[in-house]
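Me: Please take a close look at one part of this model, the charged side-chain pairs. I would like the criteria stated along with the values.

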Amino acid sequence: GADGCVPLNWFGGQGVDGGGTIDQDQIDYVTFTAQDSNTYEMQDFLMHLSGEVFDLPAGPLGMAIGYEWREEKAADTPDAIIATGQTSGNSRSPTKGDYDVQEAYGEVVVPILADLPFAHTLEISAAVRYTDYSTFGDDTTSKFGLKWKPFNDLLLRGTVSEAFRAPNVAELFGGQSDSYPDLTDPCDNWQTKDAVTQANCQADGVPAAYNQPNDQIRITVGSNPNLDAETSDNYTFGLVYTPSWLENFALYVDWYRIELEDTISTVGAQTILNSCYAEEARAFCGLLERDPATGFINGLFDVNVNIGSTDVEGIDFLMLYTFPETRFGEFKIAWDSSYLEEFKVDDGFGNEYERQGEYLGSNPGAFPRWKSNLDLTWAYGNWGASWQMRYIHHMDEGCGDSQDGSDISLSALGLCSSPFEEYWYDGAEGTNKLGSVTYHDVQVTYDTPWYNSRITLGVNNVTDKDPPVSYSAFANSFDPALYEVPGRFPYARLSVRF
């Protein structure tokens, strides 16, 4: 530097004492202590009356009626530096709002038959609810149910219902902030793509030599005060089997189907990009902005919206059995499983996405076909122990255009399990399978004779099972919301009940 001035290297070198060359005054100059304020307030008034009205030949008729008034308020006020975007971290805008709702409801349970051949119990139920929101208007929903016991060991049950869900205050007034997910820009090296992508990227002025500079693209996520309510039709049918020939055994099987309209969710940043550039309809292009000179994506808007419909279908299983008590104690087994048959999303623009069996990163999420827990427990006096096995089925993810920091794709590096298989979600070549995982957890408990307390010792992930490596997980090589953090987790706990 001139005149003896030495340029300041903020991040360089170590001082003679090993403490670095940045002093506290310099640190104070570039950092700040955020002063955020987040409030939520609810006032609720509820009246409820229920009981048996009169007797019918098959039993008493039950009825319930009620009224509720509720007001909810929320506000999010970030620090001024965060709100104005002057921080090096994620910015967030201030927001506040409120609404009130009035609801009236009634339900009736009518016994039809009892203690007859093929009709040990037969009853129907009906319910209706009127809802009036200050922000979303009113709606009336209903529910009809049936319970039938052809004989004492078997219960069949089913319901058909409607639902109305207004967005909560967090979805409406929770504020908006920055996020930096890993995304694949369809216009990356667009001259090698299909004709539709080439035409769309060229129409937006993306330079011919454009290469995506960074996997992480800044997007805006959060609430939306202009949301509408969700509505749905729900169908369930199930059985409960408690055989008289096997004491302390119960089997529950429940099928469900949910058809949700005006789904409150996010479109998904990758879906926005794909719909704008890889499809002729060019949906959602208004939600992103590019630099006209470089073609870089300057921002992408992916807040809560009402996005078409979502259809979900699956079956839940639960088996419970308590073994006959022995001189070694009491043993129980519980097996709880869930099968996802369908998770179909329609974005409202003619695009349908089948998500079951897929991992789509932290947004929209993971959709394994099977999840299962098997619990074995033992109790003997003050002692107890348990062994739990948790199973997560395998899933597929795309990895063809993901980058490892260079211009060579993961598929070309041979890191994808099926490098030449086209991935349905983004059309890129390269699919990776996340293998199934089973975790084993054990614990031992002792109820002490003093102070009504319990001592617990346990280890989660006893076999030290690592999660499958994912190339679409955000900021990790795995999804910590679905899988255990690598490594065994021993713990000790003392509980005292007052």
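Reply: The side chains of R70 and E103 form a salt bridge, with N and O 3.9 Å apart; the term stands for a side-chain nitrogen of Lys or Arg within 4 Å of a carboxyl oxygen of Asp or Glu. R70 belongs to strand β2 (residues 59-77) and E103 to strand β4 (residues 95-116), so this pair ties together parts that lie 33 residues apart in sequence. Strands (E, at least two residues) and helices (H or I, at least four) are DSSP runs, numbered from the N terminus. Both ends of the pair are buried: R70 has a relative accessible area of 13%, and E103 has 10%. Here buried means under 20% relative accessible area, exposed means over 50%, and partly exposed is in between, with a 1.4 Å probe and protein chains only.

The model is predicted, so local features need pLDDT of at least 70 and side-chain atom pairs count only at pLDDT 80 or more, whereas totals for chains, interfaces and linings use all residues. Residues are numbered from 1 along each chain as its sequence is written, and side-chain values use heavy atoms, with hydrogens and water left out.

By the salt-bridge rule the count is 20. One of these joins K332 to E330, with the closest N and O atoms 4.0 Å apart. K332 is partly exposed at 39% relative accessibility, and E330 is also partly exposed, at 26%. Another links R454 with D447, where the closest N and O atoms are 2.6 Å apart. R454 has a relative accessible area of 32% and is partly exposed; D447, at 21%, counts as partly exposed too. Salt bridges with shared partners also join E68, R70, E72, E103 and R129 into one network. Side chains of opposite charge can pair when their charged atoms come close.

N452 sits in the loop between β26 (437-447) and β27 (453-460). Its phi is near 50°, a positive value in a residue other than glycine, and N452 is partly exposed at 42% relative accessibility. N461, in the loop between β27 and β28 (489-496), has a positive phi near 55°, again in a residue other than glycine. N461 is buried, at 1% relative accessibility.
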